[in-house]
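Subject: A structure for you to look at

Hello,

I am passing on the structure we talked about, and I hope you enjoy turning it around on your screen. Please have a look first, and then read on.

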Amino acid sequence: LHVLTQLLQQEQEPNKPAPDQSSIIEALRELEARGEIVSGPGKRFCMAAPSLVIEGDSLLNACFQGDRAYLAAARHHLEASGEAEDCCLSSYLDPRQARQRLALIGVSLRTWDDLLRALPALSAPSALTLRHAGWSRDPFQLFDRIEIYKPSPATPQSQRWVEFFQAERLSSPLLRLPDHTLLWQEDSRLYEISHDASVLAMFALDRETGSPLLVPWQEATGTLDLRDVQLPGAYARLIWALSDPDSEIWRTRTVRQRNRTLVRAVLSRLGLQI
């Protein structure tokens, strides 16, 4: 994040203000939801692995995800039709042939059902995740204001982050510092975790406390309003790939008729109230 911020500031036009860190993070989260990048601990980001997602055994309307540097090669190897920069492509090849050709250039081939089965469980960070993520500093010596994630019924996700004072008893294991560092408390120790691990933990805490998030979902029109919800990366990538952006309202998606059953399954897996 530090390197990206510096690069953007250097490239900024002289008469325009440089983007602040919050707006950069917001843009990165959107790219992560679209499957372009993935995030890791320590505010690190990298391009997402390239893959082609198909429905059943057909390569019609296949969806390319991940690092677009591979898109032209994937299109060439599949002899696919469609616009060069379009991530939706169609090929006459069968899945076996397509998988063999894509393997030559490091692109995987998966189905929507594969992605649904591979969605990570909503849970606290695992022992393996925390193994080398110890945080030894006292956050109150670094910042005056710290937030904890505290689920409560009928409350939007953003309002579940509440200010925490040092004199209080810690009522949640998930903390957020003003510089967007995310910490998890386990056995009286603090660990730094990634944004994605924190979101999975947020949904797990929602479930444990019986406080599901409400998401406006008009199934008749396929309109899904996600403006007030951060989703785990894998869940967001799946929903973004199965829907189209609203031209006027940010983070509002329009789900195509044939994809609504799959999207409902994703929302159900998250425990969202729709």
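Below are some notes on the whole chain, then on a few places in it.

First, how to read the values. This is a predicted model, in which local features need pLDDT of at least 70 and side-chain atom pairs count only at pLDDT 80 or more, while totals for chains, interfaces and linings use all residues. Residues are numbered from 1 along each chain as its sequence is written, and side-chain values use heavy atoms, with hydrogens and water left out.

**The whole chain**

The protein chain holds 10 helices and 16 strands; helices (H or I, at least four residues) and strands (E, at least two) are DSSP runs, numbered from the N terminus. Its radius of gyration is 20 Å, close to the 19 Å that the globule rule gives for 274 residues, so the chain is as compact as a globular protein of that length. That radius is taken over C-alpha atoms, and the rule is 2.2 Å times the number of residues to the power 0.38. Along the principal axes, the C-alpha atoms fill a box of roughly 65 × 45 × 40 Å.

Of the 274 residues, 43% are buried. Here buried means under 20% relative accessible area, exposed over 50%, and partly exposed in between (1.4 Å probe, protein chains only). Among contacts with a separation of 6 or more, 57% join residues 24 or more positions apart, where contact means heavy atoms within 4.5 Å.

Helix H8 covers residues 195-208, and its 14 residues should span 20 Å at 1.5 Å a residue; the end C-alpha atoms are 20 Å apart, which agrees. The expected span is 1.5 Å times one less than the number of residues. In H8, 12 of the 14 residues are buried, so this helix is largely enclosed by the rest of the structure. Among those buried residues are His195, Phe203 and Asp206. After H8 comes glycine 210, whose phi is positive, near 65°.

Leucine 272 sits in the segment after helix H10 (260-269) and counts as buried at 10% relative accessibility. Which residues does leucine 272 touch, not counting those up to four places away in sequence? They are Phe203, Leu213, Val215 and Leu267. Leucine 272 and aspartate 206 are 66 residues apart in sequence, with their C-alpha atoms 9.5 Å apart in space.

**Proline 120**

In the loop between helix H5 (112-117) and helix H6 (127-130) you will find proline 120. Proline 120 is partly exposed, with a relative accessible area of 28%. Leaving aside residues up to four places away in sequence, proline 120 touches Leu200, Ala234 and Tyr235.

**The loop between S11 and S12**

Most residues other than glycine have a negative phi. Aspartate 187, in the loop between strand S11 (182-186) and strand S12 (189-193), has a positive phi near 55°. Serine 188 lies in the loop between S11 and S12, and its phi is positive at about 65° although it is not a glycine. Are these residues buried or exposed? Aspartate 187 is exposed, with a relative accessible area of 70%, and serine 188 is exposed, with a value of 70%.

Happy exploring, and best wishes
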